[in-house]
Amino acid sequence: MLKGKNLIYPTDFTAEQLEDLFCLADRIIARPDQYAHSCSGKILATLFFEPSTRTRLSFEAAMERLGGKVLGFADSASSSATKGESIADTIRMISCYADIAAIRHPAEGAAHVAALHSFIPVINAGDGGHQHPTQTLTDLYTIRAKKGRFHNLTVGLCGDLKYGRTVHSLIHAMCRYESIHFVLISPPELQAPDYVIREIEAASGCSYSVNPDLDSAIRQVDILYMTRVQRERFASQEEYLRLKDSYILDIQKMKNAKEDMVVLHPMPIVNEITGAVDEDSRACYFVQAQYGMYVRMALILRLLGAEEEGGPTICGGRMFEKTCQNPRPNGTIHCQNPKCVSNLDLTLPIRVKDGGKVCEYCDAAIEE
Ligand code: NCD
(Lines give C-alpha, C1' and ligand atoms only; values in the text may rest on other atoms or scores of the structure.)
Protein backbone atom coordinates (compact mmCIF):
# COMPACT_ATOMS: atom_id res chain seq x y z
CA MET A 1 0.00 0.00 0.00
CA LEU A 2 2.82 2.42 0.85
CA LYS A 3 5.48 0.69 -1.23
CA GLY A 4 7.70 3.14 -3.08
CA LYS A 5 6.10 6.24 -1.51
CA ASN A 6 7.92 9.13 0.14
CA LEU A 7 7.16 10.63 3.54
CA ILE A 8 7.63 14.40 3.36
CA TYR A 9 4.55 15.60 5.29
CA PRO A 10 2.81 13.50 7.97
CA THR A 11 -0.38 13.71 5.91
CA ASP A 12 1.26 12.03 2.91
CA PHE A 13 -0.38 8.92 4.36
CA THR A 14 -4.12 8.59 4.92
CA ALA A 15 -5.47 8.05 8.42
CA GLU A 16 -6.09 4.39 7.44
CA GLN A 17 -2.51 3.96 6.21
CA LEU A 18 -1.25 5.46 9.48
CA GLU A 19 -3.36 3.05 11.49
CA ASP A 20 -1.99 0.16 9.42
CA LEU A 21 1.54 1.39 10.17
CA PHE A 22 0.81 1.66 13.88
CA CYS A 23 -0.67 -1.85 13.94
CA LEU A 24 2.53 -3.09 12.30
CA ALA A 25 4.56 -1.27 14.99
CA ASP A 26 2.39 -3.02 17.62
CA ARG A 27 3.24 -6.38 16.06
CA ILE A 28 6.96 -5.57 15.88
CA ILE A 29 6.98 -4.60 19.56
CA ALA A 30 5.16 -7.84 20.43
CA ARG A 31 7.44 -10.12 18.33
CA PRO A 32 10.64 -8.32 17.24
CA ASP A 33 12.28 -11.67 16.41
CA GLN A 34 9.82 -12.15 13.54
CA TYR A 35 11.15 -9.05 11.80
CA ALA A 36 14.86 -9.47 12.51
CA HIS A 37 15.66 -10.38 8.89
CA SER A 38 12.87 -8.62 7.01
CA CYS A 39 15.25 -6.13 5.39
CA SER A 40 18.19 -8.43 4.91
CA GLY A 41 20.21 -7.28 1.87
CA LYS A 42 18.68 -3.78 1.93
CA ILE A 43 20.48 -0.51 2.59
CA LEU A 44 19.19 2.64 4.28
CA ALA A 45 21.06 5.87 3.53
CA THR A 46 21.00 8.43 6.35
CA LEU A 47 21.83 11.81 4.83
CA PHE A 48 22.14 14.16 7.77
CA PHE A 49 23.20 17.62 6.63
CA GLU A 50 22.32 18.88 10.12
CA PRO A 51 23.30 17.33 13.48
CA SER A 52 21.05 14.77 15.10
CA THR A 53 21.48 12.08 17.70
CA ARG A 54 18.09 10.63 18.38
CA THR A 55 16.53 10.68 14.95
CA ARG A 56 19.60 9.42 13.10
CA LEU A 57 20.38 6.70 15.62
CA SER A 58 16.78 5.59 15.81
CA PHE A 59 16.67 5.25 12.01
CA GLU A 60 19.92 3.33 12.10
CA ALA A 61 18.80 1.11 14.97
CA ALA A 62 15.50 0.50 13.14
CA MET A 63 17.24 -0.69 9.97
CA GLU A 64 19.78 -2.81 11.90
CA ARG A 65 16.96 -4.46 13.84
CA LEU A 66 15.29 -5.34 10.55
CA GLY A 67 18.49 -7.04 9.42
CA GLY A 68 19.39 -4.33 6.89
CA LYS A 69 22.48 -2.16 6.59
CA VAL A 70 23.05 1.58 6.89
CA LEU A 71 25.36 4.03 5.14
CA GLY A 72 25.49 7.79 5.25
CA PHE A 73 26.94 10.84 6.93
CA ALA A 74 26.16 12.71 10.12
CA ASP A 75 26.95 16.30 9.12
CA SER A 76 27.20 18.31 5.93
CA ALA A 77 30.97 18.79 6.39
CA SER A 78 31.47 15.16 5.40
CA SER A 79 29.26 15.29 2.29
CA SER A 80 29.80 16.68 -1.20
CA ALA A 81 27.47 19.57 -0.31
CA THR A 82 30.65 21.34 0.84
CA LYS A 83 31.86 21.07 -2.79
CA GLY A 84 28.65 22.70 -4.00
CA GLU A 85 26.70 19.64 -5.11
CA SER A 86 22.93 20.15 -5.42
CA ILE A 87 20.43 18.15 -3.37
CA ALA A 88 19.04 16.78 -6.66
CA ASP A 89 22.38 15.29 -7.70
CA THR A 90 23.19 13.99 -4.22
CA ILE A 91 19.96 12.01 -4.06
CA ARG A 92 20.41 10.68 -7.60
CA MET A 93 23.80 9.34 -6.58
CA ILE A 94 22.46 7.87 -3.36
CA SER A 95 19.71 6.16 -5.38
CA CYS A 96 22.50 4.13 -7.01
CA TYR A 97 23.80 2.88 -3.67
CA ALA A 98 20.85 2.49 -1.31
CA ASP A 99 17.24 1.26 -1.34
CA ILE A 100 15.71 3.96 0.87
CA ALA A 101 16.94 7.30 2.23
CA ALA A 102 16.27 9.44 5.30
CA ILE A 103 17.32 13.06 4.83
CA ARG A 104 17.74 15.90 7.33
CA HIS A 105 18.66 19.30 5.99
CA PRO A 106 18.66 22.87 7.36
CA ALA A 107 16.85 24.26 4.29
CA GLU A 108 13.05 24.25 4.41
CA GLY A 109 11.67 22.06 1.65
CA ALA A 110 14.93 20.13 1.10
CA ALA A 111 13.34 16.69 1.53
CA HIS A 112 10.61 17.64 -0.94
CA VAL A 113 13.26 18.54 -3.51
CA ALA A 114 15.12 15.29 -2.83
CA ALA A 115 11.92 13.29 -3.37
CA LEU A 116 11.37 14.97 -6.75
CA HIS A 117 14.72 13.69 -8.00
CA SER A 118 15.02 10.36 -6.21
CA PHE A 119 14.60 6.86 -7.60
CA ILE A 120 14.16 5.41 -4.10
CA PRO A 121 11.72 6.28 -1.26
CA VAL A 122 12.72 9.44 0.60
CA ILE A 123 11.87 10.09 4.25
CA ASN A 124 11.97 13.64 5.58
CA ALA A 125 13.93 13.45 8.84
CA GLY A 126 13.55 17.22 9.40
CA ASP A 127 13.83 20.15 6.96
CA GLY A 128 14.91 23.28 8.81
CA GLY A 129 12.13 24.77 10.92
CA HIS A 130 9.49 23.35 8.56
CA GLN A 131 8.40 19.71 9.11
CA HIS A 132 9.48 16.52 10.90
CA PRO A 133 6.99 13.81 9.95
CA THR A 134 8.68 10.78 11.52
CA GLN A 135 8.68 12.57 14.88
CA THR A 136 4.96 13.08 14.30
CA LEU A 137 4.46 9.36 13.66
CA THR A 138 6.23 8.80 16.98
CA ASP A 139 4.06 11.41 18.73
CA LEU A 140 0.84 9.99 17.28
CA TYR A 141 1.83 6.45 18.18
CA THR A 142 2.47 7.57 21.78
CA ILE A 143 -0.86 9.43 21.92
CA ARG A 144 -2.59 6.31 20.59
CA ALA A 145 -0.85 4.17 23.24
CA LYS A 146 -1.56 6.53 26.14
CA LYS A 147 -4.93 8.01 25.22
CA GLY A 148 -6.37 5.37 22.89
CA ARG A 149 -7.79 7.97 20.50
CA PHE A 150 -6.97 10.87 18.17
CA HIS A 151 -10.24 12.76 18.62
CA ASN A 152 -11.75 14.85 21.37
CA LEU A 153 -8.44 16.01 22.83
CA THR A 154 -7.10 19.31 24.13
CA VAL A 155 -3.47 19.50 23.06
CA GLY A 156 -1.17 22.10 24.62
CA LEU A 157 1.94 22.97 22.60
CA CYS A 158 4.47 24.85 24.67
CA GLY A 159 7.75 26.61 23.92
CA ASP A 160 9.20 27.47 20.54
CA LEU A 161 6.20 27.21 18.24
CA LYS A 162 7.89 29.38 15.62
CA TYR A 163 10.96 27.30 14.82
CA GLY A 164 9.84 23.95 16.29
CA ARG A 165 9.23 21.78 13.23
CA THR A 166 7.88 18.94 15.37
CA VAL A 167 5.07 21.29 16.45
CA HIS A 168 4.29 22.27 12.85
CA SER A 169 4.12 18.63 11.78
CA LEU A 170 2.04 17.52 14.76
CA ILE A 171 -0.54 20.27 14.22
CA HIS A 172 -0.62 19.48 10.49
CA ALA A 173 -1.27 15.80 11.26
CA MET A 174 -3.84 16.33 14.02
CA CYS A 175 -5.87 18.82 11.99
CA ARG A 176 -7.59 15.95 10.24
CA TYR A 177 -9.08 14.46 13.39
CA GLU A 178 -12.32 15.54 15.07
CA SER A 179 -12.72 17.81 18.09
CA ILE A 180 -9.11 18.76 18.61
CA HIS A 181 -8.48 21.97 20.48
CA PHE A 182 -4.92 23.28 20.36
CA VAL A 183 -3.69 25.55 23.15
CA LEU A 184 -0.72 27.50 21.83
CA ILE A 185 1.57 28.36 24.73
CA SER A 186 4.46 30.58 23.69
CA PRO A 187 5.88 34.07 24.09
CA PRO A 188 4.65 36.41 21.32
CA GLU A 189 8.07 36.24 19.62
CA LEU A 190 7.82 32.45 19.25
CA GLN A 191 4.26 32.09 18.01
CA ALA A 192 3.42 29.47 15.40
CA PRO A 193 3.92 30.62 11.76
CA ASP A 194 0.93 31.92 9.83
CA TYR A 195 0.72 28.88 7.57
CA VAL A 196 0.29 26.64 10.62
CA ILE A 197 -2.46 28.86 12.06
CA ARG A 198 -4.20 28.88 8.67
CA GLU A 199 -4.13 25.07 8.66
CA ILE A 200 -5.97 24.97 12.00
CA GLU A 201 -8.50 27.55 10.81
CA ALA A 202 -9.14 25.56 7.63
CA ALA A 203 -9.70 22.29 9.52
CA SER A 204 -13.36 21.69 10.25
CA GLY A 205 -12.84 19.62 13.41
CA CYS A 206 -10.24 21.85 15.08
CA SER A 207 -9.97 25.06 17.02
CA TYR A 208 -7.22 26.86 18.90
CA SER A 209 -6.60 29.37 21.62
CA VAL A 210 -3.47 31.29 22.50
CA ASN A 211 -2.44 31.30 26.15
CA PRO A 212 1.11 32.36 26.96
CA ASP A 213 0.63 31.36 30.61
CA LEU A 214 1.64 27.73 31.20
CA ASP A 215 0.32 27.79 34.80
CA SER A 216 -3.25 28.30 33.66
CA ALA A 217 -3.03 26.41 30.35
CA ILE A 218 -1.80 23.21 32.02
CA ARG A 219 -5.12 22.82 33.84
CA GLN A 220 -7.13 22.30 30.67
CA VAL A 221 -4.92 20.08 28.48
CA ASP A 222 -5.03 16.30 27.92
CA ILE A 223 -1.62 16.35 26.26
CA LEU A 224 1.20 18.78 26.96
CA TYR A 225 3.77 18.84 24.17
CA MET A 226 6.87 20.61 25.50
CA THR A 227 9.63 21.85 23.18
CA ARG A 228 13.03 23.46 23.60
CA VAL A 229 13.79 26.94 22.30
CA GLN A 230 15.61 26.21 19.02
CA ARG A 231 18.88 28.09 19.51
CA GLU A 232 20.33 27.18 16.11
CA ARG A 233 17.45 28.82 14.21
CA PHE A 234 17.70 32.28 15.76
CA ALA A 235 19.20 35.09 13.71
CA SER A 236 20.26 36.82 16.93
CA GLN A 237 21.87 35.11 19.93
CA GLU A 238 20.67 37.96 22.15
CA GLU A 239 17.08 37.18 21.25
CA TYR A 240 17.72 33.49 22.02
CA LEU A 241 19.18 34.31 25.44
CA ARG A 242 16.21 36.51 26.24
CA LEU A 243 13.70 33.78 25.37
CA LYS A 244 15.43 30.54 26.27
CA ASP A 245 13.97 30.26 29.79
CA SER A 246 10.43 31.22 28.81
CA TYR A 247 8.91 27.99 30.17
CA ILE A 248 10.06 25.49 32.74
CA LEU A 249 7.77 22.58 33.58
CA ASP A 250 8.33 21.54 37.20
CA ILE A 251 6.53 19.43 39.79
CA GLN A 252 4.74 22.48 41.13
CA LYS A 253 3.09 23.09 37.75
CA MET A 254 2.36 19.37 37.34
CA LYS A 255 0.19 19.54 40.50
CA ASN A 256 -2.34 21.65 38.58
CA ALA A 257 -2.57 19.27 35.62
CA LYS A 258 -5.18 16.57 35.01
CA GLU A 259 -4.37 13.21 36.57
CA ASP A 260 -4.30 11.56 33.19
CA MET A 261 -2.50 14.30 31.29
CA VAL A 262 0.35 13.05 29.11
CA VAL A 263 3.59 15.03 28.82
CA LEU A 264 5.41 14.58 25.53
CA HIS A 265 8.68 16.08 24.26
CA PRO A 266 10.49 15.28 21.00
CA MET A 267 13.86 15.59 22.81
CA PRO A 268 16.47 16.82 23.43
CA ILE A 269 15.37 18.50 26.66
CA VAL A 270 17.55 21.47 27.59
CA ASN A 271 16.04 23.05 30.71
CA GLU A 272 12.33 23.27 29.90
CA ILE A 273 11.45 20.21 32.01
CA THR A 274 13.08 19.75 35.40
CA GLY A 275 14.55 16.33 36.22
CA ALA A 276 12.02 15.70 39.01
CA VAL A 277 9.18 15.59 36.46
CA ASP A 278 10.75 12.48 34.90
CA GLU A 279 9.51 10.48 37.90
CA ASP A 280 5.90 11.53 37.39
CA SER A 281 3.93 8.74 35.70
CA ARG A 282 2.48 11.32 33.29
CA ALA A 283 5.95 12.04 31.84
CA CYS A 284 5.97 9.92 28.68
CA TYR A 285 8.88 11.36 26.70
CA PHE A 286 11.30 8.50 27.22
CA VAL A 287 8.83 5.86 26.16
CA GLN A 288 7.95 8.18 23.26
CA ALA A 289 11.61 8.08 22.13
CA GLN A 290 11.57 4.30 22.39
CA TYR A 291 8.39 4.04 20.33
CA GLY A 292 10.15 6.16 17.70
CA MET A 293 12.44 3.32 16.73
CA TYR A 294 9.59 0.82 16.32
CA VAL A 295 7.52 3.26 14.30
CA ARG A 296 10.52 3.83 12.01
CA MET A 297 10.90 0.04 11.65
CA ALA A 298 7.29 -0.17 10.52
CA LEU A 299 7.79 2.77 8.16
CA ILE A 300 10.88 1.28 6.50
CA LEU A 301 9.09 -2.05 6.07
CA ARG A 302 6.09 -0.44 4.45
CA LEU A 303 8.01 1.91 2.13
CA LEU A 304 10.18 -0.98 0.96
CA GLY A 305 7.08 -3.08 0.43
CA ALA A 306 8.27 -5.79 2.77
CA GLU A 307 5.16 -7.79 3.50
CA GLU A 308 5.30 -9.73 6.69
CA GLU A 309 5.57 -13.12 5.06
CA GLY A 310 7.79 -12.13 2.13
CA GLY A 311 10.85 -9.96 1.62
CA PRO A 312 11.25 -6.33 0.54
CA THR A 313 10.73 -5.65 -3.13
CA ILE A 314 11.88 -2.05 -3.64
CA CYS A 315 15.38 -2.15 -4.96
CA GLY A 316 17.68 0.84 -5.37
CA GLY A 317 21.09 0.57 -6.95
CA ARG A 318 19.41 -0.24 -10.27
CA MET A 319 19.12 3.09 -11.93
CA PHE A 320 21.25 2.19 -14.95
CA GLU A 321 19.29 3.28 -17.99
CA LYS A 322 16.62 5.29 -16.17
CA THR A 323 16.28 8.83 -17.41
CA CYS A 324 15.91 11.63 -14.92
CA GLN A 325 12.30 12.77 -14.94
CA ASN A 326 12.94 16.19 -13.49
CA PRO A 327 15.75 18.15 -15.10
CA ARG A 328 18.45 19.45 -12.82
CA PRO A 329 16.96 22.61 -11.25
CA ASN A 330 18.67 25.85 -12.06
CA GLY A 331 16.35 28.73 -11.29
CA THR A 332 16.72 32.35 -10.43
CA ILE A 333 13.40 33.15 -8.72
CA HIS A 334 13.38 32.36 -5.02
CA CYS A 335 10.89 32.22 -2.19
CA GLN A 336 10.80 35.19 0.20
CA ASN A 337 11.52 32.87 3.13
CA PRO A 338 15.33 33.17 3.42
CA LYS A 339 15.48 29.65 4.86
CA CYS A 340 13.66 28.07 1.92
CA VAL A 341 15.52 25.50 -0.15
CA SER A 342 14.65 27.50 -3.29
CA ASN A 343 17.39 29.91 -2.21
CA LEU A 344 19.99 27.24 -2.93
CA ASP A 345 19.59 26.84 -6.67
CA LEU A 346 16.01 26.10 -7.50
CA THR A 347 13.09 27.55 -9.39
CA LEU A 348 10.24 28.51 -7.12
CA PRO A 349 7.10 26.41 -7.55
CA ILE A 350 3.90 28.08 -6.35
CA ARG A 351 0.76 26.32 -5.17
CA VAL A 352 -2.65 27.51 -3.98
CA LYS A 353 -3.42 26.45 -0.44
CA ASP A 354 -6.12 27.52 2.05
CA GLY A 355 -7.11 30.36 -0.29
CA GLY A 356 -3.64 31.89 -0.71
CA LYS A 357 -0.52 31.30 -2.79
CA VAL A 358 2.29 29.49 -1.01
CA CYS A 359 5.72 28.15 -1.85
CA GLU A 360 5.47 24.49 -2.85
CA TYR A 361 8.60 23.66 -0.86
CA CYS A 362 8.26 25.46 2.47
CA ASP A 363 4.60 26.65 2.68
CA ALA A 364 5.60 30.33 3.13
CA ALA A 365 3.04 32.80 1.75
CA ILE A 366 3.93 34.26 -1.65
CA GLU A 367 3.23 37.95 -2.05
CA GLU A 368 3.18 39.12 -5.62
C1 NCD B 1 13.58 17.52 17.26
C2 NCD B 1 14.11 18.07 15.96
O3 NCD B 1 15.18 17.70 15.52
O4 NCD B 1 13.40 18.91 15.40
N5 NCD B 1 14.35 16.47 17.79
C6 NCD B 1 14.26 15.21 17.32
O7 NCD B 1 14.00 14.96 16.18
N8 NCD B 1 14.40 14.24 18.21
C9 NCD B 1 13.33 18.56 18.28
C10 NCD B 1 14.48 19.43 18.68
O11 NCD B 1 15.59 19.34 18.17
O12 NCD B 1 14.22 20.27 19.56
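Author: A residue counts as buried when its relative accessible area is under 20%, and as exposed when that area is over 50%, with partly exposed in between. The model discussed here is a predicted one.

Reader: Why is Thr-227 called buried?

Author: The relative accessible area of Thr-227 is 5%. The limit for buried is under 20%, so Thr-227 is buried. Thr-227 is found in the loop between strand E8 (223–226) and helix H9 (237–243).

Reader: Which residues does Thr-227 touch, leaving out those up to four places away in sequence?

Author: They are Cys-158, Gly-159, Asp-160, Thr-166, Val-167, His-265, Pro-266 and Glu-272.

Reader: Which residues are around the ligand?

Author: The shell consists of Arg-54, Thr-55, Arg-104, His-132, Gln-135, Arg-165, Thr-166, Arg-228, Gln-230, Pro-266, Met-267 and Pro-268. By kind, these divide into three nonpolar, five polar and four charged.

Reader: How much of the ligand does the protein bury?

Author: The ligand taken alone exposes 320 Å², and the protein buries 94% of that. Helix H2 (54–65) and helix H6 (165–174) are the elements that give two or more residues to the shell.

Reader: What makes Arg-228 and Glu-232 a salt bridge?

Author: Their side chains meet at 2.7 Å, N to O. A salt bridge asks for a side-chain nitrogen of Lys or Arg within 4 Å of a carboxyl oxygen of Asp or Glu, so the pair qualifies. Side chains of opposite charge can pair when their charged atoms come close.

Reader: Why is Arg-228 called buried, and why is Glu-232 called partly exposed?

Author: Arg-228 has a relative accessible area of 16%, which is under 20%, so Arg-228 is buried. Glu-232 is at 46%, between the limits of 20% and 50%, and is therefore partly exposed.

Reader: How many salt bridges does the structure hold?

Author: There are 16. One of them joins Arg-144 and Glu-19, with the closest N and O atoms 3.1 Å apart. This pair links distant parts of the chain, 125 residues apart: Arg-144 is in helix H5 (residues 133–147) and Glu-19 in helix H1 (residues 15–30). Glu-19 and Arg-144 are also linked with Asp-26 in a network of salt bridges.

Reader: How do you know whether Arg-144 is buried or exposed?

Author: Arg-144 has a relative accessible area of 18%, under the 20% limit, so Arg-144 is buried. Glu-19, at 32%, falls in between and is therefore partly exposed.

Conventions: Residues numbered from 1 in each chain as written. Predicted model: local features only at pLDDT ≥ 70, side-chain atom pairs only at ≥ 80, totals over all residues. Heavy atoms only, no water. Helix = DSSP H or I, 4+ residues; strand = E, 2+ residues; numbered from the N terminus. Buried < 20%, exposed > 50% of the residue type's maximum accessible area, 1.4 Å probe, protein only. Contact = heavy atoms within 4.5 Å. Near = heavy atom within 4 Å. Areas by Shrake-Rupley, 256 points an atom, 1.4 Å probe, with all protein chains shown as cover. Nonpolar A, V, L, I, M, F, W, Y, C, P; charged D, E, K, R; others polar.
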